[in-house]
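This report concerns a sheet, a chain contact and some backbone features of the structure shown here.

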Amino acid sequence: MKRNLHKLLIIMLWVMAGPVLGADPDLLKGANAIINQEEKVFTVHSPSKGTTHVKRVVTIYNEHGNDHAKLYVHHDKLNKVDFIKGTSYDGNGKKIKSLKNSEIRNVSASSADNEVLDNRVMIAELTHRVYPYKVEFEYQTTTSNMLFYPNWVPLNSSKTSVAKASFQVMMPKGMKLRYRESNLAEKVKQWSTTTHDMYSWEISNLTPVESEPYAPSMLELLPMVRTAPSDFEVQGYKGNMDSWEAYGKWINQLNQGRDVLPEATKAKLQAMVAGIDDPVEKINKVYQYLQSNTRYVSIQLGLGGWQPFEASFVDSKGYGDCKALTNYTKAMLQAVGIPSIYALVNGGSDEREVLTDFPSSQFNHVILSVPMKQDTLWLECTSQFESAGFSGSFTGDRHALLITPEGGKLVKTQEYTAKDNVQSRLATVKLDESGNAVAQVQTRYTGIEHEDHRDVIHNLSPEEQRKWLYRNISIPAFDVKSYSFNLKKGRMPEVNEKLELSLRQFVTISGKRMFLTPNLMNRWNTVPQNTGKRKYEVVRSSAYTNVDTIIYEMPAGFALEFKPNDFSFSTAFGKFESKVTIDGRQVTYIRTLQMDKGRYKPEVYAAMVAFMNDVYKADQQQVVFVKSIK
Amino acid sequence: MKLQTSTLFFSLVLLLGTGLSRGYAQDQPAKFGKVDEETLKMRVYDQDTSAAAVVLSDHGYSYFTYNKGFKVVFERHTRIKVLKKSGYDVANISVPYYQRNSKKESVYSIKGFTYNQEGGKVTKDKLESKAVFDEQTNENWFAKKFTMPNVKEGSVIEYSYTITSDFLYNLREWEFQSTIPVAYSEYNVRIPEYFHYKQEQQGYLRFDESTKTKSKDSFTVVWSSNITPGMGGGRTSGGSGQVEASSDTYRWVIRNAPALRPEKYITTLRDYQSKIDFELQTVKYPNELPQVMTGNWDDVTKDLLMAEKFGSQLNRKGFFKAEIAAITAKHTNPEQQMIAIHNLVKSSVKWNNKYGYYTSGPIRKAFENRSGSVADINLMLTAMLQDAGLNAGPVLVSTREHGRVPQGSPMLNKFNYVIAHVKLGDKEYLLDATDPLLPAGMLPVRCLNGQGRLIKKDDQRWVALTPTGKLTKFFNGELTINPNGGLTGTVTESSAGYNALSIRRTILEDGKEKFAEKISKEVGNYKVEKPEFKNVEDLNQTLSVHYSLSASGNSQPVDVIYLNPMLGQGETENPFKLEERLYPVDLAVPIDYTYVIKFVIPEGYEIEESPKGAIISLPEDGGKFMYMVQREGNVLQIMSKINMLKPVYFAPEYPYLKEFYNQIVAKHAEQIVLKKISSN
């Protein structure tokens, strides 16, 4: 019976959906739209020119699927839009409208005041308000930037299903296609015509992918084909991408001859380091000179997206983007006899993955690598205040491509572990009988843990810093009596923070009892949701250690009634310890939390949530005192 | 000559004459291209030692020219001292400009210098014209972007530019205050007698100077030869002549304006900024009747009611006749009719997130497309209400983000929204159909901003946009305490007003299933299970969520049980932490949070300690906190009620607010202590 009902439902859906919408009910589940068909064809005409043609038919079932009725086509000086066509149809397959060229908006894709980019986007929209409806888009772009070949990610939006999608690459005979498949059921099909080698992928019936907390990046989970050139040419610069080495050689071509400094500047720099022998000190001098004479402004037009401004331009104008400033710093170091290497990297706290065995243009930032006797010193040339040699969460712990004279070479940047990223605190809290208190708090932040304070010190005025403290100190009611930050620059920079706080009713007094939560200001107050069954691996990407030592001086006349247990948990994700000791009127609380980064099997997620909940519970523990009867 | 004047203005080409004196009034502290050494040496701005940069001087001048129609010319010269690296942003400048159809603004004569002092020498770097980039932001908006060369700590930068504009309606406004301090800001406006602008000033600062002088402007008029087509047409020869107009020149100066800093609980920072704004009221050319652009509310109301994209839409009733007839046939009570019409609009047209009080086209089109702007939707609602015979009219509104509306004579550009007003007997309602979750009579928070203007022929006035609902939450728990210190029981959380609105929105976005999953979780010792919802769809009823709550205790009975009776639900941090407050605290909506929690004490235990009751009030009935503890047999009941009665508290009330919440936080942290009765 139940089965019949199910069938009936399907039939009814079919009937309701009408002629164009006979969708598979499995695809409809959890989806706001179904991509009925998408055909993407990339035709390579020559090493310097290619065309991408896309045709897509999407059925939109409710308002949450309306994003699919909008088409965004990015373009710039090297990528032209040949045409965009679009038509929408109602639930009965009757045409609603065709897109007019005048309805296509063309807007700038850059917005910040310190950016001048030629990236623009064409936006076409066919949104309709009666569901379901169908939109059909067809567009073609021609690129003369063959550094990039397209990626194919058929399921690239959430709550969407794909009935059928295909990707085809047409290579002229004699030109090689490089590709990388991931999460695909069916591998490539290959054949040849008289003029072309053909590569084709097809996929069907993809259902919506739902993310999970602490899941790996979606790009790891989705079906995908990445493609890249072998021989290519951009604006007359010819290159090959078969190896990292070859790609580096191409970058060398672009940078060729751009590192020439005016003689006057060279002389100035040489005078500046005269008498200094220590190379680190020399680097610091030059880096300081960079930081006080230049600033980051992103002007990237056409080939300027890959080719730096000449060092002499930066020298006379005092600004440039990451490429220009790195190239300039390299030239300056050269002038004082220190060789360094221009290096491509992915900047950002989440953008770490580089497919190391698939050489291709996977980077968005440039930094400078200075080889030292023992190790490597990395310089971030776009910052006016960063410590020399600190990569931190922006470029640390990932792959960078060194552009050496011999070509590209992939290396790892500096890693920061739980031992490097430390927040360590010592506080003394003096309580009075009414529960108010004065606290002296000293905290040392190192490595990645120092970054928030670093930014606050450099970007906020004292008044705003004080407001920031009020927002970020988590104590129920307090006033900041005084504060100071002391930044010590270095390869492992640190900030020492001193706070004097007056706490209002920090302990709770109920009748003759006094309740003290000894964790002063570092309590965990959320626990992630335990989602039950889990599909994907668990990824924790931050590693740090927190140590809190808090010493309370209790008012006279109270006797201990209850002391919480000591806790100690050690798991694969981290370790936690807390301990309360009482000595006369002095209560000492010590809490140590170390979180490690790692990648774990899906099954362990529940254990991680349980560990986090244990920490949460331990942080809530109270010490209870009773007024001594006298 | 005189005879010719009016013709000149309307059929010939008029060029700006050389006679117009362009220099502005007496003092001009900054001379372009020159900066004194003292300014370069300065390392700290005395009035605000924390400033990362300071605007040394900012001069603006607006005046008129004529070239195939009147144009406004705006000249600006700005000089800024950079004090810290965090102030470098001031050296990246973006000048937005606008174009629509054939009308346009253009930016030209961009000039700039950066001055530095190096080793006792003053260096001067020119902004090169190839460093000025033109960018199209979207179809109507463009920007000239430029970046100043060689900016360092201690640099002085200056730049100037000119904008000509075909858009006379909004003479360029002037902001005397910025997010960095402004040492000197001056605006000059020279307006020929043909134009009358209304001026609107706002902010917490006073003008140091404010003058108005009269003068004569002499225009040299040049007209070219012209061919008039058709009957009686022919060629007229070109020529030139003089036109004289008297002008008013205004000058405003503010010195030492402090930096504008954002705070929590405000409408928009722009409301607190010192600035001056203009709106064209009338245009009167020589020998012509004056054209009223806007003016008194009588005329504005009349004009709006005739406007194609406003009042005239209220008369296009044909397309919904059948629907309204069905509603009036079904409901006889006017209030029910109103609710039914509101529901009809909400369910048939979806808001496209566009603001404005003019419709985007005929409202019929929005009805057919099932999608429209605020004006499309709410003017359609008004038209339908009127069609049903209800006494309804549109109300112009400015949203909180858009800022305050000055009262007095009308400035239409201060509004950006429209809602519907209904009067049934003595009762008045404000309706907005852009949000399907809003019941009739309740406004979205964005609209709770002072007063709106009712646009009705026979009943035009300001109406207060006060919230009809509160942020209402009622937490009702019944729990049994176990001898091991754990808890089991049930909780019902009921919400009304703006609290219900926000929960309904979450449920709509997540779906009921996801939302239930979100609620059911384990945090610390507490575990929420089996949530059930009531009245999710019925907007006029109280929304409630019922669930079971448990807390794990020890593995065995304990002698003393400690328990926070607020179950971790109370206020744990004071929302008002800062010592001082400059602006009013604008909560938008009153707050009403009630907790009633009953505990059954386990047998064999007695209450050793329980919190004391308390009542705390804010001055002038601004708010009240009540905390009561009652005991009946083995049941202990805790009641906590927080009432914030006013949507807006003024800055002097801030210390009271802060203390009020301190007390609540402290009370909510208090504990119950149960003790095992000793067997002997």
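The sections below take these topics in turn.

The model is predicted: local features need pLDDT of at least 70, side-chain atom pairs count only at pLDDT 80 or more, and totals for chains, interfaces and linings use all residues. Residues are numbered from 1 along each chain as its sequence is written, while chains are lettered from A and ligands numbered from 1 in the order in which they are written.

In chain A, an open sheet of 4 strands runs in the order S30-S31-S39-S34 with antiparallel pairing; strands are DSSP runs of E with at least two residues, helices are runs of H or I with at least four, and two strands pair if DSSP finds at least two bridges between them. Strands S30 (508–510) and S34 (558–562) of chain A are at the edges and have a single partner strand each, so one side of each lacks a neighbour in the sheet. Within this sheet, S31 (residues 513–516) and S39 (residues 623–627) of chain A pair over 4 bridges, and Arg513(A) has Val626(A) as its bridge partner in S39(A).

The contact takes 49 residues from chain B and 46 residues from chain A, where residues are in contact if their C-beta atoms, placed from the backbone, lie within 7 Å.

Most residues other than glycine have a negative phi, and most peptide bonds are trans. A cis peptide bond joins Tyr131(A) and Pro132(A), with omega about -10°.

| Residue | Phi | Loop |
|---|---|---|
| Asp397(A) | about 55° | between H9 (392–395) and S24 (399–404) of chain A |

Technical notes
Contact = placed C-beta atoms within 7 Å.
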